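Please look over the entry below before reading on. A few comments on the fold and on two residues come after it.

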Amino acid sequence: MDNTIESLKSTVADLNREIATAHLLSTSEAEEFRVHYLGQKRGIITQLFKVIPHLPKTDRREAGQLLNALRNTAQSTLAEAHSKVAKDSTAASQIDLTLPGRQHRWKGSRHPISLALTKITDIFNRMGFNIAEGPEMEDDWHNFTALNFPDDHPARDMQDTLFIDEGHQHSSHILMRTHTSPVQIRAMLDGKPPFRLIAPGRVYRNETITYKSYCLFHQVEGLVVDEGVTMADLKTTIYSFAQSFFGHDVKLRYRPSFFPFTEPSAELDVWWELPDHPNGGRWMEVLGSGMVHPNVLQAVGIDAERYTGYAFGMGVERPAMLHYGIQDIRVLYENDNRFLSQF
């Protein structure tokens, strides 16, 4: 450094700016600051004081005043840092880490559909079923043709199915899947028997929204294909599921039905108690089932003479409504906190 008062003034101004912007947040940072600026051997301010004897006598008094003011500033900054660190340390020591955490006013909860879906899949997992998934946007072949739906079946009509692209032939139609059965078709095309799987997921129907039906809902469909599979195996499986989900005292009704992809077919109804109903309640269909139609097995390249199988499918919303005593399906999709906070 030049031994002139002007050079000293410039250096002091730079140091004042450095000290003013110093952030001393810990004991170690404060000690580094002290050694750097005020250290007895190599401190910058200490070294500057050694320049004073080499200045002209007329400048020495002014230089001393500048450096004393700089040293006072550095010492004040250091003292404030020590005080803040000590205060923070005292405050931290007063925290009782054994106290329980504060309860927030609004707590998250799982949606009743999620609760029901988890319970359903857990039951079938314990029965040895694997979970399979597939796309929600499907083509006509996987959604209808491979499942033995005839070309003139009502489900192919615009008023029942949400088509994305009409195409020129049924096989080129793109649509929102109407059930999770296409997942079973894809699984059978990709593998070889035996199969034992469930396919949970969202499905879409062009339906009028009422207290018991919605345009979007969830399904869990199951498939078992192996040698020697019978209707008795199917009935045992779905009765075991119903009793596990609804309770062993559940009232069930198993009745014949028709589905293009199963033969014979049957539906499972559960008695839904309704205090205001004239009969005290009514039967609610919760599950469709049947033996896999030979045409479905042939469509995916499985020998229908050697293998048999059963399939079943259920909506998740209706079992959830029965299980939790919900009487209107629409409340499941309204995101009303007053309703959701109950679960």
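Predicted model: local features only at pLDDT ≥ 70, side-chain atom pairs only at ≥ 80, totals over all residues.

1. Seven strands make up an open sheet with mixed pairing, ordered E1-E5-E6-E10-E9-E8-E7. Strand E1 (130-131) and strand E7 (252-259) are at the edges; each has a single partner strand, so one side of each has no neighbour in the sheet.

2. Within this sheet, strand E9 (residues 281-292) and strand E10 (residues 308-315) run antiparallel and are joined by four bridges. Gly290 has Ala311 in E10 as its bridge partner.

3. Two helices deserve mention. Helix H5 (residues 112-126) lies across E1, strand E5 (195-204), strand E6 (216-226) and E10, and runs at about 165° to E5. Helix H8 (residues 231-246) lies across E7, strand E8 (262-273), E9 and E10, at about 25° to E10.

4. His142 sits in helix H6 (residues 140-143). Its relative accessibility is 13%, under the 20% cut-off, so His142 counts as buried. Apart from neighbours within four places in sequence, His142 contacts Leu147, Pro182, Ile185, Arg186 and Leu189.

5. Phe343 belongs to the segment after helix H11 (337-340). With a relative accessible area of 24%, Phe343 is partly exposed. Its contacts, leaving aside neighbours within four places in sequence, are Ser109, Arg110, Pro112, Leu115, Tyr324 and Ile326. Thr208 is 135 residues from Phe343 along the chain, and their C-alpha atoms are 27 Å apart.

Notes
Residues numbered from 1 in each chain as written. Heavy atoms only, no water. Pairing = 2+ DSSP bridges. Contact = heavy atoms within 4.5 Å. Axes fitted to C-alpha atoms, helices over the stretch in contact; angles between N-to-C directions. Buried < 20%, exposed > 50% of the residue type's maximum accessible area, 1.4 Å probe, protein only.
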